[in-house]
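I set out to record what I looked up in this structure, entry by entry. The entries follow in the order in which I made them.

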Amino acid sequence: MSQQEATSHFNQQHKHGQHIHNADQTFTKENSSRYENPSLRLMLKANCNAILSYDSSNQPPDTIEAVVGDYAKPEFGLTEEEYLLKPNDPDVSPIFKSKKPIKMLDFACGTGLLDYYLASYLPENSEIVGVDISRNQLDIFEKRLDRFQAKNPTLKVKLAEFDILNEEFNKKRNLSLPKELQENAFDLIICSISYHHFHDVKGITKKLKTYLKPQGDLIILDFYDGQEQAFPDDPDPVHAVAHHGGFSPEVLKSLFTEIGFSKVKAGISYKFNVWMRKDVILGHLPHDRVNHVINVAKTQYNEDRKELEYLVERSMSISVCTK
Ligand SMILES: C[S@@+](CC[C@H](N)C(=O)[O-])C[C@H]1O[C@@H](n2cnc3c(N)ncnc32)[C@H](O)[C@@H]1O
């Protein structure tokens, strides 16, 4: 899809509400309990480092050329202790080194593993607000909340099940607007590996902008498989992935510019290999790449899950912009 086609795609009127049921059903209790695996931990450790070292100037983002992690080693050879940036590392952004508390929104926070990795870097008395539409994902986040204390005793973490666009969804589940979700409230909003799920990407991004303080930053990390393919009106019934292949940095850059963000920049943050089941490949990659990927991929039999998995090379894009 060309940049122009993709941008005009965002401009179509999407019936966001119709698809929520589907997106919400993706993370069933069983799927959520199996969500955190070595491949996810690899991506979230790398996303943690990318967020810690983000740069809100107009410089292009740093790209790691080599593939991150060694798929042949347990946990891709990346331990939390060794791989995550040290708090005093010169690459860590000033916002994480400041003495002032920050308020950070993790939009579509899922099970909160990324926030857990980030917790010890947030200044004293900071606050993380996690919002997601999936009760099952948030239940897992809630179970790890007491472990945040050991990492950062003064950090407050609040969680909310809420749909920021669809009133009907909230009404059906009796969900009221979380009091933390105020306009001009957040210094930083992060969103990790979730944009490809959103049907109304433009509507969500506009809304997130309202929650940022003036000069607040938005950081989006999401897959990019070299080619985007959108299915906003034909949601994948299993994964509710509206945008197979993710988004190219160019498409995200033009979207954020159109919405009125400044200091917009986007690029490939890093490349990585992940183990994916065939149905997950079918639900995430552009359709015309699926056969090729399956034919050339290394495979392994996952004994715990009794499933064949394929090793797929993907890229993670990072987009950073300022209100
Ligand atoms: C692949 S998970 C990513 C979770 C987490 N950010 C991470 O990095 O592990 C995608 C998340 O997006 C959430 N999601 C999908 N559509 C959403 C929406 N419209 N509003 C809020 N969350 C949404 C899902 O429930 C799920 O938890």
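Entry on helix H4. I found 12 of the 15 residues of H4 buried, so this helix is largely enclosed by the rest of the structure. I counted a residue as buried if 20 or more other C-beta atoms lie within 10 Å of its own, as exposed if 12 or fewer do, and as partly exposed in between, with C-beta atoms placed from the backbone. Among the buried residues of H4 I noted Leu42, Lys45, Asn47 and Leu52. H4 covers residues 38–52 and reaches 21 Å from its first C-alpha to its last, close to the 21 Å expected at 1.5 Å a residue. That expected span is 1.5 Å times one less than the number of residues. Helices (H or I, at least four residues) and strands (E, at least two) are DSSP runs, numbered from the N terminus.

Entry on the model. This is a predicted model, in which local features need pLDDT of at least 70 and side-chain atom pairs count only at pLDDT 80 or more, while totals for chains, interfaces and linings use all residues. Residues are numbered from 1 along each chain as its sequence is written.

Entry on backbone angles. Most residues other than glycine have a negative phi. I looked up Asn184, which is not a glycine and has a positive phi of about 55°. Asn184 lies in the loop between helix H10 (167–172) and strand E5 (186–192), and is exposed, with 11 other C-beta atoms within 10 Å. Ile193, also not a glycine, has a positive phi of about 40°. Ile193 sits in the loop between E5 and helix H11 (201–211), and is partly exposed, with 19 other C-beta atoms within 10 Å.
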